[in-house]
Amino acid sequence: MSEKKIPYKIYLSEDEMPRTWYNLRADMKNKPAPLLDPGTGKPMTAEQLEAVFCKELVAQELDNDTAHFEIPQEIRDFYKMYRPSPLVRAYCLEEKLQTPAKIYYKFEGNNTSGSHKLNSAIAQAYYAKCQGLKGVTTETGAGQWGTALSMACGYLGLDCRVFMVKCSYEQKPFRREVMKVYGSSVTPSPSETTNVGRKILAEFPGTTGSLGCAISEAVETAVSTPGYRYVLGSVLNQVMLHQSIIGMESKIAMDKYGVKPDVIIGCAGGGSNLGGLIAPFMGEKLRGEADYRFIAVEPASCPSFTRGKFAYDFCDTGMVCPLAKMYTLGSGFMPSADHAGGLRFHGMSSTLSQLYADGYMEAVSVNQTDVFAAAEDFARVEGILPAPESAHAILAAVNEAKRCRETGEEKTILFGLTGTGYFDLVAYEKYHNGEMKSVIPSDEDIARSLAQLPQVK
C-alpha cells in the first residue's frame, strides 16, 4: 500500500479493540521457571499465592498453556474511555533524522494516569472487587502505576494503599496528590509504618528507597490486613497478560495498512510494557510464522538484563516475597536516585528473562543524560513530552534510525511510548540546569549484591 495512504495517527474503532488478552507463555517452548517458596524451595501453590494475590489473578499467573483469556465486558467498557490507543507514524521525526527508516510508536499516555499502567490496574482492581475485598495495597516507582491503580480503585469503590519509592515521592509531589484525588493513601518508602520498612531503614540509613523496598512494605500490609490483597504493576505474568492489549492493538493497526515492523523496541524495568508490546509479534516468532528483532532498553543505573545474573532471587528487598528466576542485580541492590523512575527495579520479568536467555531478544543499557537529550529532541519534533521511562525506548529507536541513515536500509521500527512526562518536570529542570549526572554502578557494587543471592538447588 502506498506510504502516503498511511495516516499520521492510526485509530482503531471500539469494535476492532481486542476481546481477549494473549498469554505469550502458551507459545514458549521453554516456559518461565515457577515461583518458589523461599522456605521450602518448592514451587508455590495456588493456595499459598492466594494469601497474597486475588484468586483469579493467581489462576492467570500460573497458567502457562491457555493462549487467550477473555476480557470481561466490565473491563472492556472501562477500556473504551481511553482505548484503542493511537499508533502514530513519526513522520516528523523521520524527516528530522533524514532516515530512510519508517518509525511508528504506540502511544499509551492518553489517560489521566499518563501511562499504559491503567490496562492492568483496572483488571486487577476488578478481580479484587469480584472477590469481595475491601481494598488493595501496592508499590509505585515513578508514580504511574500508583496513579493508575488509584483511578481504578476510585472507579470501583475500593480502598487503595500505595507505598511510593521515597525519591519519587519527593521528586513528584503532584503525582502523589493525583493519587489522593482518587482516594488513595500514599506513604514514602521505606517507612516506619511496617516492620520491614523499619528494618530497611536501620540497615540503610538515609536510603532514597527502591521498588524492592516498596514491594516488601505493600506485601506486609496486605497479608496483615483482613480483606486486603497485594497487586502490582509489572514483573509478574498476570500483568504482562493484561498489557498484551498494547501489542495486539499495534498489530491490528499495522496489519490494517500492510505494515510489518522489522525492529520492536521497548523500555525495560520490570517488563510490563515491553512484554505487552512485543507479545503478539513474539508469539509469531515462537511459532515460526514471522521474524522480528526485539530490543529491551534499560537504564545504565539499574542494568538487570545487561549486567545481571539469570538466577532465582527475591522480588523484594525485605525478602518476604516468593523467589523468581529472572535476570537480577540482587534484591539488596539499591539503584541511584536518578530519574529512570519505574525502571529502577533490581530484576526482570521471568517470562522476558527466559526469552532473553533463549536468544529471542536483545538488550541495551543507556545513560540518563542521553535519555533526556533524546526526550527533548522528540518533544520538539513530535509534540509529546515523554516520560523518562519512555525516552529510553525513544533513544534506542533514534539510534536504529540513524544506523539506517548510514547504511541506507529501509527498516520499519516500532517502539512503545508508554506515557507522558508532565509529572517529571523536576527531572527536566535538572537536565536543563546541568545538574543531572549519569550514575553507573561499579562491577564491585553489583558483585557485592549478587553475592547475596539465595542458594537454590
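Val-181 sits in helix 8 (residues 173–181), helices here being DSSP runs of H or I with at least four residues and strands runs of E with at least two, numbered from the N terminus. With 67% relative accessibility, Val-181 counts as exposed; the cut-offs are under 20% relative accessible area for buried, over 50% for exposed and partly exposed in between, using a 1.4 Å probe and protein chains only. Between Val-181 and Met-151 there are 30 residues in sequence, and their C-alpha atoms are 8.9 Å apart in space. The model is a predicted one, in which local features need pLDDT of at least 70 and side-chain atom pairs count only at pLDDT 80 or more, while totals for chains, interfaces and linings use all residues. Residues are numbered from 1 along each chain as its sequence is written, and side-chain values use heavy atoms, with hydrogens and water left out.

Pairing is taken to require at least two bridges found by DSSP between two strands. Strands of a sheet pair through backbone hydrogen bonds, in either the parallel or the antiparallel sense.

Strand 5 (residues 102–107) shows both senses. Towards strand 15 (residues 412–417) it runs parallel, with 6 bridges between the two. Lys-102 has Thr-412 as its bridge partner in strand 15, and Ile-103 stands opposite Ile-413 in that strand. With strand 4, strand 5 pairs in the antiparallel sense over 3 bridges, and Val-88 has Tyr-105 of strand 5 as its bridge partner.

In a regular strand, side chains alternate between the two faces of the sheet. In strand 5, Lys-102, Tyr-104 and Lys-106 are on one side and Ile-103, Tyr-105 and Phe-107 on the other, and all are buried. That puts 6 of the 6 residues of strand 5 in the buried class.

Several loops have backbone features worth a look. The peptide bond joining Arg-83 and Pro-84 is cis, with omega about 0°, and Pro-84 belongs to the loop between helix 3 (73–79) and strand 4 (87–89). A cis bond also leads from Ser-189 to Pro-190, with omega near 5°; Pro-190 lies in the loop between strand 8 (185–189) and helix 9 (195–203). Gln-98, which is not a glycine, has a positive phi near 55° and lies in the loop between helix 4 (91–97) and strand 5. Met-319 likewise has a positive phi, about 60°, without being a glycine. Its loop runs between strand 12 (309–314) and strand 13 (323–328), and at 42% relative accessibility Met-319 counts as partly exposed.

Met-319 turns up again in the largest pocket, where it is among the residues nearest the centre, along with Glu-203, Phe-204, Ser-331 and Gly-332, out of 19 lining residues. On a 1 Å grid over the protein atoms alone, a pocket is an open set of points with protein on both sides within 12 Å along at least five of seven lines, a cavity is a set where a 1.4 Å probe fits but cannot get out, and lining residues have an atom within 4 Å of a point. The largest pocket holds about 390 Å³ of space, a volume being the space filled by probe spheres set on grid points joined across faces, edges and corners. Helix 9 and helix 18 (443–450) each give at least two residues to its lining. By class, this lining has 7 nonpolar, 7 polar and 5 charged residues, where Ala, Val, Leu, Ile, Met, Phe, Trp, Tyr, Cys and Pro count as nonpolar, Asp, Glu, Lys and Arg as charged, and the others, Gly among them, as polar.

The second largest pocket has a volume of about 210 Å³. Ala-33, Pro-34, Leu-35, Glu-61 and Asn-237 are the closest to its centre among 13 lining residues. As for cavities, the whole structure has 6 of 30 Å³ or more. The second largest cavity has about 100 Å³ of space, and its lining includes Leu-35, Phe-53, Cys-315 and Cys-321. That lining has 11 nonpolar residues, with no polar and no charged ones.
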